[in-house]
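Q: Hi! Could you walk me through this one? I'd like to go from single residues up to the whole fold.

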Amino acid sequence: MKKLLSKMFLALLAVTVSGCVTVKEGSDPIVVRAEQLAKEATDTLDEFIKFVDRNRSVAGKDLIAAREIAANDGPVYIRELRKWTKLYKANRLPDSKATLDEKINALQRLLDLVREQATQKAKEV
């Protein structure tokens, strides 16, 4: 049962890992990355939370802790990223771009944590 759950979750991770994004001519790469990451994070965190909830009895403390971080901090990080994306698109100021870059990095670190915990759990089984 645990091996099946691990294989299913690894398949989920493979689907939600971001790939290359083509940036259209004239598009700002940081805006494209921010918008893509917001979508990816929403999908990944939602699926991760659902997966842990369905398998809580075999999840382990670290995976449940990662689920709590994803559930509590994920929506805040995504809202902040969207807010700063909108602000940067409106003013294109260097300070806004720097803050947007910080928000991208923070959300990416959260996704990395979720993937790391999920991958570690899959290796244990």
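A: Happy to. One term before we start: a residue is called buried under 20% relative accessible area, exposed over 50%, and partly exposed in between. Keep in mind too that this is a predicted model.

Q: What about its backbone, what's the phi of Arg92?

A: The phi of Arg92 is positive, about 50 degrees, although Arg92 is not a glycine.

Q: Good to know. Let's zoom out: how many helices and strands does the protein have?

A: There are five helices and zero strands. Read from the N terminus, the order of elements is α-α-α-α-α.

Q: How do helix 2 and helix 4 cross?

A: Helix 2 is residues 29-54 and helix 4 is residues 61-91; their axes come within 9 Å and cross at roughly 160 degrees.

Q: Which way does helix 2 run relative to helix 4, parallel or antiparallel?

A: With that crossing angle, helix 2 is roughly antiparallel to helix 4. The cut-off here is that angles over 145 degrees count as roughly antiparallel.

Q: And is the crossing of helix 2 with helix 4 left-handed or right-handed?

A: Helix 2 passes helix 4 in a left-handed crossing.

Q: Nice. What kinds of residues make up the contact of helix 2 with helix 4?

A: By class, that contact has 18 nonpolar, three polar and six charged residues.

Q: Can you give me some residues from those helices? Start with Val32: is Val32 buried or exposed?

A: Val32 lies in helix 2. Its relative accessibility is 19%, so Val32 counts as buried.

Q: How far is Val32 from Thr85?

A: C-alpha to C-alpha, Val32 and Thr85 are 9.4 Å apart in space, while in sequence they are 53 residues apart.

Q: Now the proline. Where is Pro75?

A: Pro75 is in helix 4. Pro75 has a relative accessible area of 36%, which means it is partly exposed. Between the C-alpha atoms of Pro75 and Ala38 there are 9.8 Å, and the two are 37 residues apart along the chain.

Q: Hopping to helix 5, what can you say about Ala98?

A: Ala98 is found in helix 5 and, at 39% relative accessibility, counts as partly exposed. Its C-alpha atom is separated by 9.9 Å from that of Trp84, 14 residues apart along the chain.

Q: Back to the whole protein, then. How much of it counts as buried?

A: Of its 125 residues, 39% count as buried. The accessible surface comes to about 7,700 Å², and 56% of that belongs to carbon and sulfur atoms.

Q: Last one: what share of the contacts is between residues 24 or more positions apart?

A: Taking contacts with a separation of 6 or more, residues 24 or more positions apart account for 69%.

Conventions: Residues are numbered from 1 along each chain as its sequence is written. This is a predicted model: local features need pLDDT of at least 70, side-chain atom pairs count only at pLDDT 80 or more; totals for chains, interfaces and linings use all residues. Side-chain values use heavy atoms; hydrogens and water are left out. Axes are lines fitted to C-alpha atoms, for helices over the stretch in contact, and angles run from 0 to 180 degrees between N-to-C directions. Helices (H or I, at least four residues) and strands (E, at least two) are DSSP runs, numbered from the N terminus. Angles under 35 degrees count as roughly parallel, over 145 as roughly antiparallel, 65 to 115 as roughly perpendicular and the rest as oblique. A crossing is left-handed if the near helix is turned anticlockwise from the far one by less than a right angle, and right-handed if clockwise. Ala, Val, Leu, Ile, Met, Phe, Trp, Tyr, Cys and Pro count as nonpolar, Asp, Glu, Lys and Arg as charged, and the others, Gly among them, as polar. Buried means under 20% relative accessible area, exposed over 50%, partly exposed in between (1.4 Å probe, protein chains only). Contact means heavy atoms within 4.5 Å. Accessible areas come from the Shrake-Rupley method with a 1.4 Å probe; for residues, only the protein chains shown count as cover.
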